[in-house]
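Student: I have just opened this structure and would like to learn how to read it. Could you walk me through it?

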Amino acid sequence: MNIPHINNKPVIICSDFDGTITKRDAIVMTLERFASPEWKVITKKILYTRELSVREGLPMLYKLVNKAEHDNIIHFLKNDVKIREGFSTFMQWRKQLNIPFWVISGGVDSFIHPVLEAWQGEYTLYSNVANFEGEHIGVDTPYAPEENSCAPCGKCGCCKVAVLEKFPPQDYFKIVIGDSVTDFGMAQVADLVFARSLLAKELDELNVPYTPYESFHDIQAHINTLMNTATLVRHA
């Protein structure tokens, strides 16, 4: 099947998960239901005061969740986490055009796949990995950057910049969708950024251009317009 190109480069779409594909942050929803109250203090230190890096704070958060709750958490995620408007239509459209879709998340795999069960096989996931060997849920970080290797941050559990760098910028047109400060790094190395919430605020403060969105209908419409007006060719 042919693959859409923009500006003579094949298009790839890379999306955050929590608060982007989902209406609310699924990590926060899980912590609200299953963790002890300390999670609020840790989350504030990660997202707002920046006293903790994501790599430091995420294991601290999941340590507050007993792994015995695993089955209850999965049931909760499948039934209570809501997908952002337009995502299903967007995924059908992307599949028809054969555009690769990567989910790049600072969350953990075991709590992402159940939410995206309806789209199994239609996305590639890069995230932290849940570890159930101990009493509490642990977090492994197979995509953590080497020390000082990531200019924007270098302290994430899953380095979204490192994942995007799998695609040389001269060879791919990279579209990024995000909502949080943890998406700021990959927003800086993308060709087109869709942003909302904390990410939009961060980009505004630094005068980094982006396209706002509230639903995946917005994103799909904008990309369609861009493909119809920019240099668009198709290659096998």
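Tutor: We will go from the whole chain to a few single residues. This is a predicted model, in which local features need pLDDT of at least 70 and side-chain atom pairs count only at pLDDT 80 or more, while totals for chains, interfaces and linings use all residues. Residues are numbered from 1 along each chain as its sequence is written, and side-chain values use heavy atoms, with hydrogens and water left out.

Student: Glad to know that. How many helices and strands does the chain have?

Tutor: Helices (H or I, at least four residues) and strands (E, at least two) are DSSP runs, numbered from the N terminus. Here the chain has 9 helices and 9 strands.

Student: How do I judge the overall form?

Tutor: One guide is the radius of gyration, taken over C-alpha atoms; the globule rule is 2.2 Å times the number of residues to the power 0.38. For 236 residues the rule gives a value near 18 Å for a compact globule, and the chain, at 18 Å, agrees with it. Along the principal axes, the C-alpha atoms fill a box of roughly 55 × 35 × 30 Å.

Student: What share of the residues is buried?

Tutor: Buried means under 20% relative accessible area, exposed over 50%, and partly exposed in between (1.4 Å probe, protein chains only). By that reading, 50% of the 236 residues are buried.

Student: And what do contacts tell me?

Tutor: A contact means heavy atoms within 4.5 Å. Of the contacts in the chain with a separation of 6 or more, 62% are between residues 24 or more positions apart.

Student: What happens at the start of H1?

Tutor: Look for a polar contact: a pair of N or O atoms within 3.5 Å, where, within protein, one must be able to donate a hydrogen and the other to accept it, and residues adjacent in sequence count only if both atoms are side-chain atoms. At the start of H1, a side-chain oxygen of Asp25 comes within 2.8 Å of the backbone nitrogen of Ile27.

Student: Is Thr22 buried or exposed?

Tutor: Thr22 counts as buried, because its relative accessibility is 0%. You will find Thr22 in the loop between strand E2 (9–15) and helix H1 (26–34). A polar atom of the Thr22 side chain lies 2.8 Å from the backbone nitrogen of Gly19. Beyond its neighbours within four places in sequence, Thr22 is in contact with Phe17, Val81, Lys82, Ile83, Arg84 and Val115.

Student: Where is Glu38 found?

Tutor: Glu38 is in the loop between H1 and H2, and is partly exposed with a relative accessible area of 43%.
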